[in-house]
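Welcome to this tour! Open your viewer, get ready to select residues, and follow along stop by stop.

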Amino acid sequence: IRLNEVLDIESTRKDGENMIVAIVKKGDKLAGLVVDKLIGQQEIVIKSLGSFIDNSSKIISGATILGDGEVALILDVNTLM
């Protein structure tokens with residue numbers, strides 16, 4: 001699944017570069033999410049966005065505040081599968 005296409009954003013990956021694929025599992029199903037880069041792994045607290053965002057597609061399940069103060073949106077990969 002190419003996330004840049006699902007999210008309708010332009011990829012920063014250049015043609016010919018190796019792809020980074022994150023493998024996710026839902027029950028017995030496996031899917032590969034093609035991403036531009038991996039930042040790392042960390043424990044987070046997911047906060048609901050409530051009425052701040054039109055979440056009709058349910059792709060975004062919430063947000064978190066990273067250690068540097070930046071806000072990161074959390075994707076619900078179950079919706080993509």
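**The whole chain**

Begin with everything shown as a cartoon: the protein has 2 helices and 4 strands. Here helices (H or I, at least four residues) and strands (E, at least two) are DSSP runs, numbered from the N terminus. Trace the chain from its N terminus and the elements come in the order α-β-β-β-β-α. The model is predicted, so local features need pLDDT of at least 70 and side-chain atom pairs count only at pLDDT 80 or more, while totals for chains, interfaces and linings use all residues. Residues are numbered from 1 along each chain as its sequence is written, and side-chain values use heavy atoms, with hydrogens and water left out.

Taken along the principal axes, the C-alpha atoms fill a box of roughly 40 × 35 × 25 Å. Of the 81 residues, 19% are buried; buried means under 20% relative accessible area, exposed over 50%, and partly exposed in between (1.4 Å probe, protein chains only).

Now select strand 1 (20–26) and strand 2 (29–35). They run antiparallel and are joined by 7 bridges; two strands pair if DSSP finds at least two bridges between them. Click on K25 and look across to L30 in strand 2, which stands opposite. These two strands make a hairpin with 2 residues between them, and G27 in the turn has a positive phi of about 65°.

Next, select strand 3 (60–65) and strand 4 (71–75). This antiparallel pair is joined by 5 bridges, and I65 has V71 as its bridge partner in strand 4. Strand 3 and strand 4 also form a hairpin, with 5 residues between them; in its turn, G69 has a positive phi of about 90°.

**The nonpolar core**

Which residues make up the largest nonpolar core? Select L3, V24, A31, L33, V35, I59 and L80 to see its 7 residues. Strand 2 gives the largest share, 3 residues. Such a core is a set of buried Ala, Val, Leu, Ile, Met, Phe, Trp, Tyr and Cys residues joined through side-chain atoms within 4.5 Å. In soluble globular proteins, nonpolar side chains tend to be buried together.

Zoom in on A31. Leaving aside neighbours within four places in sequence, A31 is in contact (heavy atoms within 4.5 Å) with I1, A22, I23, V24 and M81.

Move to D8, in the loop between helix 1 (3–6) and strand 1. Is D8 buried or exposed? It is exposed, because its relative accessible area is 71%. The phi of D8 is near 55°, a positive value in a residue other than glycine. Most residues other than glycine have a negative phi.

M19 counts as partly exposed because its relative accessibility is 42%. Beyond its neighbours within four places in sequence, M19 is in contact with R2, R13 and V34.
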